Amino acid sequence: MIRTRLKMVLTQSEMNRIKISESRSGKIRITADVHGMKCYEARRFINNIINIVRIAFQLVIIHGYNHGTAIKEMLAQNFSNDHIYEQFPDPRNQGVTHMLIAA
């Protein structure tokens, strides 16, 4: 169902950047790879995911670190969405940001 909803808005190229998994306890985790995107593209892509899914889930954003930090900085400094209730950098990987999304 999540994938179907996302396909209605996202391009096939964007869908190829998403991995959806569910834990045994039923928690949904969506991983989005934004490597190579411009900040405005990443912002739109991430906002679309958050706004389309409409259930509580963990969003893991892989933005990279070695070839620039523009997306990482955008997420940390001036990215907002009313459905985000927690956001934090991955403690073991500087190229990943985690977001907890409310329904």
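# Close-up views of the model

**View A. The side chains of Glu-14 and Arg-44 come together in a salt bridge, 2.3 Å from N to O.** This pair ties together distant parts of the chain: Glu-14 belongs to helix α2 (residues 12–15) and Arg-44 to helix α3, 30 residues apart. A salt bridge here is a side-chain nitrogen of Lys or Arg within 4 Å of a carboxyl oxygen of Asp or Glu, and a search of the whole structure turns up one. Buried stands for under 20% relative accessible area, exposed for over 50% and partly exposed for anything in between, using a 1.4 Å probe and protein chains only. Please keep in mind that this is a predicted model, in which local features need pLDDT of at least 70 and side-chain atom pairs count only at pLDDT 80 or more, while totals for chains, interfaces and linings use all residues. Residues are numbered from 1 along each chain as its sequence is written, and side-chain values use heavy atoms, with hydrogens and water left out.

**View B. Four helices and five strands make up the whole protein.** Starting at the N terminus, the elements follow the order α-α-β-β-α-β-α-β-β. The radius of gyration is 13 Å, close to the 13 Å that the globule rule gives for 103 residues, so the protein is as compact as a globular protein of that length. That radius is taken over C-alpha atoms, and the rule is 2.2 Å times the number of residues to the power 0.38. Helices (H or I, at least four residues) and strands (E, at least two) are DSSP runs, numbered from the N terminus. The C-alpha trace spans about 35 × 30 × 25 Å along its principal axes, and buried residues account for 40% of the 103 residues. Of the contacts with a separation of 6 or more, 58% are between residues 24 or more positions apart; a contact means heavy atoms within 4.5 Å.

**View C. Five strands form an open sheet in the order β1-β2-β3-β5-β4, with mixed pairing.** At the edges stand β1 (18–22) and β4, each with a single partner strand, so one side of each has no neighbour in the sheet. From one strand to the next, the twist averages 20 degrees. Helix α3 (residues 39–53) packs on this sheet and touches β1, β2 (28–33), β3, β4 and β5, with its direction at about 165 degrees to that of β3. For such angles, axes are lines fitted to C-alpha atoms, for helices over the stretch in contact, and values run from 0 to 180 degrees between N-to-C directions. Two strands count as paired if DSSP finds at least two bridges between them.

**View D. Strand β5 (residues 96–101) is mostly covered, with six of its six residues buried.** In a regular strand, side chains alternate between the two faces of the sheet. Val-96, His-98 and Leu-100 lie on one side of β5 and Thr-97, Met-99 and Ile-101 on the other, and all of them are buried. Strand β3 (residues 57–62) runs antiparallel to β5 and is joined to it by six bridges; here Val-60 has His-98 as its bridge partner. Strand β4 (residues 84–89) is also antiparallel to β5, with five bridges between them, and Gln-87 stands opposite Met-99. β4 and β5 form a hairpin, with six residues between them.

**View E. His-63 lies in the loop between β3 and α4 (70–78).** With a relative accessibility of 6%, His-63 counts as buried. The side chains of His-63 and Thr-97 are joined by a polar contact of 2.7 Å. Such a contact is a pair of N or O atoms within 3.5 Å; within protein, one must be able to donate a hydrogen and the other to accept it, and residues adjacent in sequence count only if both atoms are side-chain atoms. Leaving out residues up to four places away in sequence, His-63 touches Val-34, His-35, Ile-71, Lys-72, Leu-75, Gln-94, Gly-95, Val-96 and Thr-97.

**View F. Asn-81 is found in the loop between α4 and β4.** Asn-81 is buried, at a relative accessible area of 13%. Its side chain makes a polar contact of 3.2 Å with the side chain of Asn-51. A polar atom of the Asn-81 side chain also lies 2.9 Å from the backbone nitrogen of His-83. Apart from residues up to four places away in sequence, Asn-81 touches Asn-47, Ile-50 and Asn-51.
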